[in-house]
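Hi everyone, thanks for coming.

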Amino acid sequence: MTASLPSESVRALLEDRIYVTQPHLPPLDEFLPYLQQIWNSRVLTNGGPFHQQFERELCEYLGVPYLSLFANGTLALVTALQALRITGEVITTPYSFVATAHSLLWNGVKPVFVDIDPHTMNLDPAKIEAAITPQTTAIMPVHCYGHPCDVDAIQKIADNYNLRVIYDAAHAFGVRNESGSILKHGDLSILSLHATKVFNTFEGGAIICPDAKTKQRIDHLKNFGFVDEVTVVAAGINGKMSEINAAFGLLQLQHIDEALERRKAIDARYRELLRNIPGIRCQADAGETTANYAYFPIHVEADYPISRDALFDKFREQGIFARRYFYPLISDFPMYRGLPSASRHNLPIASEAALKVLCLPIYPALTEEQVQRVVSIIAEH
Ligand SMILES: Cc1ncc(COP(=O)(O)O)c(C=O)c1O
């Protein structure tokens, strides 16, 4: 049987759709010389030349001292916890993508959910101390939507209680505050370079670390624990990024600044067009000096004429695929909801936010007409 191509009318309908994001891709012909080099060398993976070069150039671009590339952000999270030998309980946020908490379960660690700040949507430092027990070994906050956590307050608590801090910075590529890259805070930070992220290598991830010794341990852990041909020092995993992804990342670095500029312009346009619509609240920045405009969350408040879900459905009917990030909360999924910290009573702010939030489409190729189409659906009520 031969697969048939979609008819003209179906294709037109699909092309009219607007998704919450669309991967930013460079012109294909720019990638061909990189592929040619891989074909010539036949080095496909295992820390080849593109992998090494991409690590160096990414460190420089981000302004971080050391970084280890991974096949994806989830393996980076799982390995970051291994690298610091985290056990017992870890304090984290319910308002994130499931991989944040899943990485704890993969390490046999118990997640302890703490509520978020209603303005930043990040872990609320004022609520962390009450959740610390003798089993607590670390805090795993998320820079949600790329807005920085209150890194100073979190570090102070970590210092007082001798806890480690691992930031899930999957959304925070390129974000800076007044002290430089947001990725330099805590003991480790992880990035996702997934297709849906601001900067993508199809699939990919990284751990950012402060010193060469830690990087070496992480590099061993992502390569089965091998130090050399005959020496295995840990029960490592296969977390390596391939040469094809690393080469693609090098090319993407040449285009990232123009992509961020376009995101910034779309963010500003949404804010301008949504400013006077009652019941729609746009989320403010959280003190970043350089933002990445990774997401555009709006909060559909009680004085908006229809509910968040009714607006979500309305968008779908019109071919616009906004997303309810983050609904359901991680703490509401079956493998977490039995935990005492998962009760809605413990998480009132996150529970309310999960029912009000809607992330609007934002990506470099989104046109002015498309932005206006999105806004007109919100405005017509
Ligand atoms: C907050 C957060 N953490 C972790 C991940 C996992 O990253 P990856 O998809 O690269 O495994 C993602 C995204 O997918 C995410 O949004």
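Where does UniProt place the feature "active site"? The record, an unreviewed entry, puts it at Lys197. The UniProt annotation "modified residue: N6-(pyridoxal phosphate)lysine", also from an unreviewed entry, covers Lys197 as well. Before we go further, please keep in mind that this is a predicted model.

Let's stay with that lysine for a moment. Lys197 is found in the loop that runs between β9 (188-192) and β10 (205-209). Is Lys197 buried or exposed? It counts as buried, because 23 C-beta neighbours lie inside 10 Å, and the cut-off for that class is 20 or more. If we set aside the neighbours within four places in sequence, Lys197 is in contact with Phe173 and Ser192.

Ser192 comes back when we turn to the ligand. There are 14 residues surrounding the ligand, and the closest are Gly73, Thr74, Phe97, Ala170 and Ser192. Two helices to look for here are α4 (73-83) and α5 (99-105), as each supplies at least two residues of the shell. What is that shell made of, by class? It has nine polar residues, four nonpolar ones and one charged one.

Now, please turn to the sheet. Seven strands form an open sheet, and if you trace across it the order is β2-β10-β9-β6-β5-β3-β4, with mixed pairing. Which are the edge strands? They are β2 (66-70) and β4 (110-113), each of which pairs on one side only. From one strand to the next, the twist averages 25°.

Let me zoom in on one pair. Strand β6 (residues 164-168) pairs with β9 in the parallel sense, over three bridges. Within that pairing, you can find Ile166 opposite Leu188 in β9. Lying across β5 (136-140) and β6 is helix α6 (residues 151-161), which runs at about 150° to β6.

Next, some backbone details. As a rule, most residues other than glycine have a negative phi, and most peptide bonds are trans. Tyr145 sits in the loop between β5 and α6, and it is buried because it has 24 C-beta neighbours inside 10 Å. Arg42 also has a positive phi of about 60° without being a glycine. Its place is in the loop between α2 and α3 (49-62).

What kind of peptide bond joins Tyr325 and Phe326? It is a cis bond, with omega at about 10°. Phe326 lies in the loop between β15 (320-321) and α11 (348-356). A cis peptide bond also joins Tyr327 and Pro328, where omega is about -10°. Pro328 is found in the loop between β15 and α11.

One last stop, and then we are done. Pro33 is found in helix α2 (residues 28-41), and it is exposed, with 10 other C-beta atoms within 10 Å. How far apart are Pro33 and Ala247, in sequence and in space? They are 214 residues apart in sequence, and 9.9 Å apart from C-alpha to C-alpha.

How values were computed. Residues are numbered from 1 along each chain as its sequence is written. This is a predicted model: local features need pLDDT of at least 70, side-chain atom pairs count only at pLDDT 80 or more; totals for chains, interfaces and linings use all residues. A residue is near a molecule or strand if its C-beta atom, placed from the backbone, lies within 6 Å of it. Helices (H or I, at least four residues) and strands (E, at least two) are DSSP runs, numbered from the N terminus. Ala, Val, Leu, Ile, Met, Phe, Trp, Tyr, Cys and Pro count as nonpolar, Asp, Glu, Lys and Arg as charged, and the others, Gly among them, as polar. UniProt positions are given in the numbering used here, feature names are shortened, and annotations may be inferred rather than shown by experiment. A residue is buried if 20 or more other C-beta atoms lie within 10 Å of its own, exposed if 12 or fewer, and partly exposed in between; C-beta atoms are placed from the backbone. Two residues are in contact if their C-beta atoms, placed from the backbone, lie within 7 Å. Two strands pair if DSSP finds at least two bridges between them. Axes are lines fitted to C-alpha atoms, for helices over the stretch in contact, and angles run from 0 to 180 degrees between N-to-C directions.
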